[in-house]
Amino acid sequence: MDPGVLLGLVLALGCAFVSIVGFLLKQRGAVQAPDVSLRRPVRSTMALFSNRWWTIGILVAMGAWVFHVAALALAPISLVQSVIAGGLVLLTVVADRAFGITPTRREWIGVACVAAGLALLAATSGHVAESARNTYGEGAWARYTLLLTVAGLGLAVLASRSARPAMGLAVSAGLLWAASDVTIKALSADLSAKGAGVLIDPLALIILVLSLIGLVVSARSLQLGRAIPVITATSAAANIATIAAGPLVFAEPMPAHAGEVVLRVSAFALVVVAAVLTPGPVMAEGDAEPAV
């Protein structure tokens, strides 16, 4: 394997661990902060940053983001996301041992299913590592990013009107962050030519806006649901949507053999099973619908 690709995958593994720690820190801060209102994102964001655990979690997450950007610049997007997704298996261990969040049996199994399913995607990546790492069409990127953004925002609206909004908001945040990640990968194609100039590229503004909107939606989902199911749903949505961008946007090759295609279908089936095994919180009878 190309040394650059290998380094990218090592960075992706580091991103997986650091992002889990950051997510759990943000969850601790979110549940202590005032309720997030999606109708008042700026005020809600300021309130979140008044909590030290949320602020620490954001700083840790920024470290994970640096690892992620570096990994995307070095390795194919589907391999990077597969490694990060496989690292999700660490979630229950870190939550239990470091944060005192005791996972239920269903949550242990659900997280394991997600990690196993997305690891299968990595195993069936074929010759992706030898493919062009930054090849993409602007039209394909624009259509895919717009699709993820519209789906994420639409799901946030629908979830906010439901009796159990946590999991819908979690998936919404994942889709918005996937749109941001796909744009990061597209922008990395100009990194060698523009250097620090990529920071003033229009794509950088798109990345910033999508990341911030996803952050507010994610915070509300963490306030409304159990940590492990919500984090799992967000991570699964983000990783599946970003892995799919490999062949759809960046011209990464699909599996050549029927057996590998079956394995990929099985991988997605495992993720669906995980979604069933790690449901969102059930409101007690007579509870009022939470304000979103």
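How many nonpolar, polar and charged residues does the lining of the largest pocket have, by class? In this predicted model, that lining divides into 30 nonpolar, 10 polar and 2 charged residues.

**The largest pocket**

The volume of the largest pocket is about 1,200 Å³, and 42 residues line it, with Ala 61, Trp 65, Asp 181, Ile 184 and Ser 211 lying nearest its centre. At least two lining residues come from each of helix H1 (3-32), helix H3 (52-74), helix H4 (77-86), helix H8 (166-187), helix H10 (202-224) and helix H11 (227-249). The greatest contribution to the lining is that of H3, which gives 10 residues.

**Helix packing**

Two packed helices are described by the angle between their axes and the distance between the axes.

| Helix pair | Axis distance | Crossing angle |
|---|---|---|
| H1 and H4 | within 8 Å | roughly 35° |
| H1 and H10 | 8 Å | about 70° |
| H8 and H11 | within 7 Å | roughly 35° |

H1 and H4, whose axes come within 8 Å and cross at roughly 35°, form a right-handed crossing. On the H1 side the contact is made by Val 5, Leu 9, Ala 12, Leu 13, Cys 15 and Ala 16, and on the H4 side by Leu 79, Val 80, Val 83 and Ile 84. The residues of this contact comprise 10 nonpolar, no polar and no charged.

H1 also packs against H10, at an angle of about 70° and with the axes 8 Å apart, which means that H1 is roughly perpendicular to H10. The crossing of H1 and H10 is right-handed, and in it Phe 23, Lys 26, Gln 27, Ala 30 and Val 31 of H1 meet Leu 215, Ser 218, Ala 219, Leu 222 and Gln 223 of H10. By class, the contact of H1 with H10 has 6 nonpolar, 3 polar and 1 charged residues.

The axes of H8 and H11 come within 7 Å and cross at roughly 35°, and H8 passes H11 in a right-handed crossing. From H8 the contact takes in Ala 166, Met 167, Ala 170, Val 171, Ala 173, Gly 174, Leu 175, Trp 177, Ala 178, Asp 181 and Val 182, while from H11 it takes in Pro 229, Val 230, Ala 233, Thr 234, Ala 237, Ala 238, Ala 241, Thr 242 and Ala 245. The residues of the contact of H8 with H11 divide into 16 nonpolar, 3 polar and 1 charged. Asp 181, a member of this contact, is also among the residues that lie nearest the centre of the largest pocket.

Definitions and conventions:
Residues numbered from 1 in each chain as written. Predicted model: local features only at pLDDT ≥ 70, side-chain atom pairs only at ≥ 80, totals over all residues. Heavy atoms only, no water. 1 Å grid on protein atoms, 1.4 Å probe; cavity = no way out; pocket = protein on both sides within 12 Å on 5 of 7 lines; lining within 4 Å. Points joined across faces, edges and corners; volume = space filled by probe spheres on them. Helix = DSSP H or I, 4+ residues; strand = E, 2+ residues; numbered from the N terminus. Nonpolar A, V, L, I, M, F, W, Y, C, P; charged D, E, K, R; others polar. Axes fitted to C-alpha atoms, helices over the stretch in contact; angles between N-to-C directions. Left-handed = near helix turned anticlockwise from the far one by under 90°. Contact = heavy atoms within 4.5 Å. Parallel < 35°, antiparallel > 145°, perpendicular 65-115°, else oblique.
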